[in-house]
Amino acid sequence: MTGTGNPGRERPTTPPPPPPSASPLPLPAPPHLTTPHLRPLWQAVHDRISSGRPVTSVRLGPLDDDEREALADLLGMDRLPDQRPTVRLTRLADAVAEAGGGTVRDLVTQIIGPLDDRAAERRRRDDERTALWSWLTTHDTIRTQPVLTDWTTYCRTQGLLAGSTTRTRDLLSAALTVLAALPAEGEPLPVFAARVRHGDPHALDDGTRLSALVLRALSTLYDTPVPDSSQARRELWSRAGVADDDLSTTVLAAGLRLTGEGTLSRLARICAEAGQAVSLTLAQLRSPGEYGFPARPVHITENPSVLALALRRFGADCPPLVCTSGWPNGAAVRLLHLLAAEGATLHYHGDFDGEGIRIAAHVMHKTPAVPWRMTTHDYLTALATTPQAPSPGRLTEAPWDPTLTPTMATHDKAVMEESMTDTLLQDLSRERTHQ
């Protein structure tokens with residue numbers, strides 16, 4: 001037999017000692033420590049240690065005579081304690097060690113069960129809630145439409161909306177998904193719900209938590225009261241393009257010389273060549289047929305009067321214009337997306353008041369539009385020639401220009417789009433010369 005080492009010595013058979021990090025399993029608690037009469041003591045100690053906070057003493061009681069006698073025997077007291085005694089942990093630790101019970105923590109773990117750390121659990125829950133509200137307030141839908149910050153504040157004041165941070169985040173994510181899909185394109189509510197909520201036509205039914213959240217967000221967005229009746233809720237959904245019909249949902253445009261022989265192209269081209277506005281229905285925009293559009297700027301106005309003045313000035317030479325007529329409906333958003341898909345650059349202008357800023361933020365969030373004459377400088381320039389301007393009303397942040405709404409708040413004056421018509425028409429005139 002071959003081998004290595006000293007052949008005259010036998011190999012050791014004693015197993016090596018455990019590594020320093022390994023701790024021996026606690027021995028079973030001595031029977032006299034597990035008596036039912038000491039159970040209130042161990043339960044109280046277990047509860048206090050599980051709090052996760054430093055513990056120096058434990059308050060007990062009320063104890064019956066047998067429980068008081070068992071406690072006196074354990075602690076070596078010469079008389080019975082009060083019915084509601086306070087036991088110091090250092091004294092209890094010495095008594096347990098002397099009785100062969102190991103440490104107090106090990107003993108109560110054997111008798112009562114595993115210890116908790118409720119302080120750590122509270123910190124974990126607090127951290128989860130902080131992360132939840134940070135996620136909500138920095139979400140892209142909120143960041144690009146700052147008016148919805150009021151909605152996030154409401155959500156936060158309500159606490160966890162679905163019993164846990166995970167379920168609350170799922171609910172808020174669903175609401176944000178719905179908001180991102182609005183304005184809808186004239187779908188009935190069940191059809192819209194099925195499209196945006198994984199095929200569930202009842203996801204936005206009256207009475208659901210999701211429906212209530214979305215409607216509250218819409219009331220914040222449109223600055224209307226929270227709907228308190230079925231009729232008011234239907235009207236708010238309708239304003240967001242849900243349950244509108246294909247024919248009554250329209251958008252005004254001018255100067256759209258579309259190519260192709262589809263219905264949309266022919267209608268827009270005929271009106272443009274005649275120097276007239278065209279009113280396009282959602283149905284026509286949903287089935288446009290063959291169409292094309294040169295990659296050129298398209299200007300967007302909030303108010304129909306600006307479009308009318310542009311037609312009066314330029315007639316058949318009017319540059320491409322689209323009018324949202326206030327808050328854009330599904331037809332307006334769809335037309336703008338069709339034009340942008342053909343290479344058009346979109347430029348938006350609206351009122352310099354509270355609602356006008358919110359509409360502008362909404363248009364720029366829902367479409368690729370960029371501001372047109374909507375900066376702080378443009379506001380101040382226009383304000384200088386508008387001495388009788390009304391108050392702008394409730395103001396919210398303008399994402400494209402952080403100084404705009406603070407400046408408007410300082411001056412407390414609005415500038416309506418119509419008062420800037422000359423400047424806007426000059427821009428359009430320069431655009432027309434470059435056609």
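Buried means under 20% relative accessible area, exposed means over 50%, and partly exposed lies in between (1.4 Å probe, protein chains only). The structure is a predicted model, in which local features need pLDDT of at least 70 and side-chain atom pairs count only at pLDDT 80 or more, while totals for chains, interfaces and linings use all residues. Residues are numbered from 1 along each chain as its sequence is written, and side-chain values use heavy atoms, with hydrogens and water left out.

**Exercise 1.** Classify His 299 by accessibility and describe its surroundings.

*Solution.* Step 1: His 299 belongs to strand β5 (residues 297–301); helices (H or I, at least four residues) and strands (E, at least two) are DSSP runs, numbered from the N terminus. Step 2: the relative accessible area of His 299 is 7%, so the residue is buried. Step 3: with contact taken as heavy atoms within 4.5 Å, and residues up to four places away in sequence not counted, His 299 touches Pro 320, Leu 321, Val 322, His 347, Trp 372, Leu 428 and Glu 431.

**Exercise 2.** Examine the salt bridges of Arg 124 and Arg 358.

*Solution.* Step 1: a salt bridge requires a side-chain nitrogen of Lys or Arg within 4 Å of a carboxyl oxygen of Asp or Glu; the count by this rule is 17. Step 2: Arg 124 pairs with Glu 128 at 2.5 Å, N to O. Both residues lie in helix α5 (residues 118–137), four residues apart, about one turn of the helix. Arg 124 is partly exposed at 37%, and Glu 128 is partly exposed at 30% relative accessibility. Step 3: Arg 358 pairs with Asp 223, their closest N and O atoms being 3.6 Å apart. This pair links distant parts of the chain, 135 residues apart: Arg 358 is in helix α16 (residues 354–366), and Asp 223 is in the loop between α10 (209–222) and α11 (230–239). Arg 358 is buried at 4% relative accessibility, whereas Asp 223 is partly exposed at 43%. Step 4: a network of salt bridges links Asp 150, Asp 223, Arg 358 and Arg 394.
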